[in-house]
Amino acid sequence: MVVEPPPRDGRASAATDAVYLASLHWAEEGLGAMLRQLATGAAAPADVVVERALVWVEERERIELSARQREAVRAGLQEKVLVITGGPGTGKTTVVNAITRILARKGRKILLAAPTGRAAKRLAEATGREAKTIHRLLEFSPAEMAFARNQDNPLAADVVVVDEMSMVDTVLAYNLLKAVPLDCRLVLVGDVDQLPSVGPGSVLRDLIASRAVAVVALTEIFRQAAESLIVVNAHRVNRGELPAGAAEGQVADFYVVERTEPEDVLAAVKEIVAERIPARFGLDPVDDVQVLTPMNRGLLGTASLNAELQALLNPGDGGYAGIVRGTRSFRVGDKVMQIRNNYDLEVFNGDIGRVTAIDVENRSAQVRYDDRVVAYEYADLDEVVLAYACSIHKSQGSEYPAVVIPVHTQHYVMLQRNLLYTALTRGKRLVVLIGTRKALAIAVKNNRIQERFTRLAERLRGGEGTLVRGA
């Protein structure tokens, strides 16, 4: 994707102690300048009596906002740029709903977006409003490898809300800001403690660190959420404490199954996915259960786990492999994931579907993603992998009814607190950790996050300064 430099005022950059790829320098410089301009500019009048609006939305939605949630809603109605951050169960969605309900009541044009298709779908389900991926919102053109929406053709919006902001890298954030009108309000929502974006940058963390835009951190776990061991343990891990499993015989939403040897962990994963979860919770082992693992290699990596789970859950007719592409074999009924954005087919990195048909003679396949079927030619199958198990990084922005997570010292180099925290927060109804207490302890204690070198926080404050070491 081509990144064009931002308009310049003729002033040379003061930076002399950092080396950037040109495209990343332009993106970070432009992003900082546009965010400063947007944050300090005038917004279209909200025509809202804030305190009266708070009472109205509580009565309409039959909710009672906490003091911090009220602060966040006020900021959403008054600030040009707002960051809302918080962990699971702290009410981020409730705040977004309240802001959008109030502004929609006043006739404001509201656009909702998220980095991935699955995250956009979750946002739409939570708010009852249409939500798009950022690429679709900006009308990305595969032919031109550029966005149709930009500073010359901005979005028709009074308010833009972006969820899962921790996943947004510098280049995508830059292209988004180019398309946001100067009189628009921008609400950015995300969990700063999750894994950072796959692409370069540390946008959400830098926004918070800059103190140049309004930030509301939601920290209170609400009573209903506090009854969930998933939520409680996610916050325990985030504080550097070991997660606590359900008591013996207790029916709960969080379990720790201790196994020492990798072979025993693998056997437990297979038994729990194929037998124990379906029998006890009535969940489908393919559609409802997702295995998340820290690595791709090794006995407990994605490649090995997918081969084992495919053989267990979808063995085929007499072992018939269906269609083979490289080292991968696909059968009708297989759970698969798209691993690269394909704008021609309109399927995107992280989309999960089921193989519905295979044409062996023409070496092609059809995959159903939600309510649409996508036809793959043989060459396109390079972009598809089995998805009975996937890496924790690939699960960002997604949510599953149940997740099963092997945690073993085999994964030593990847055992990090934010990785485990991200995995736990992917489970909606059930989380099962399988492995050793030692591996869990290593992950929880390891809060060393790989440094990302950026200047965005300094640029947001209006200067170059020294290179910022961000997470």
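A search of the whole predicted model turns up 18 salt bridges. One of them brings together the side chains of Arg 459 and Glu 28, with N and O 2.8 Å apart. Arg 459 sits in helix H15 (residues 456–460) and Glu 28 in helix H1 (residues 22–40), so this pair ties together parts that are 431 residues apart in sequence. Both Arg 459 and Glu 28 are buried.

Another group of charged side chains gathers around Glu 51. Here Arg 70 and Glu 51 meet in a salt bridge of 3.9 Å, N to O. This links distant parts of the chain, as Arg 70 belongs to helix H3 (residues 67–78) and Glu 51 to helix H2 (residues 50–61), 19 residues apart. Glu 51 is partly exposed, its relative accessible area being 39%. Arg 74 also forms a salt bridge with Glu 51, and in this case the closest N and O atoms are 2.7 Å apart. Since Arg 74 lies in helix H3 and Glu 51 in helix H2, the pair ties together parts that are 23 residues apart in sequence. Arg 74 is partly exposed too, with a relative accessible area of 26%. Shared partners join Glu 51, Glu 58, Arg 70 and Arg 74 into one network of salt bridges.

Turning to the strands, five of them make up an open sheet in the order E16-E15-E14-E13-E17, with antiparallel pairing. E16 and strand E17 (384–386) stand at the edges with a single partner strand each, so one side of each has no neighbour in the sheet. Ignoring direction, neighbouring strands of this sheet are turned by 40° against each other on average.

Within this sheet, strand E14 (residues 352–359) pairs with strand E15 (residues 364–369) over five antiparallel bridges. Val 355 has Val 367 in E15 as its bridge partner. Four residues lie between the strands of this E14 and E15 hairpin, where Arg 363 takes a positive phi near 50°. E15 then pairs with strand E16 (residues 372–376), again antiparallel and over five bridges, and the partner of Arg 368 there is Val 373 in E16. The hairpin of E15 and E16 has two residues between the strands, and in it Asp 370 takes a positive phi near 55°. Strand E13 (residues 335–338) and E17 pair in the antiparallel sense over three bridges, with Met 337 opposite Val 385 in E17.

Elsewhere, Ala 214 is part of strand E8 (residues 214–218). Leaving aside neighbours within four places in sequence, Ala 214 is in contact with Glu 79, Val 81, Leu 82 and Val 83.

Note on methods:
Residues numbered from 1 in each chain as written. Predicted model: local features only at pLDDT ≥ 70, side-chain atom pairs only at ≥ 80, totals over all residues. Heavy atoms only, no water. Pairing = 2+ DSSP bridges. Contact = heavy atoms within 4.5 Å. Axes fitted to C-alpha atoms, helices over the stretch in contact; angles between N-to-C directions. Salt bridge = Lys/Arg side-chain N within 4 Å of Asp/Glu carboxyl O. Buried < 20%, exposed > 50% of the residue type's maximum accessible area, 1.4 Å probe, protein only.
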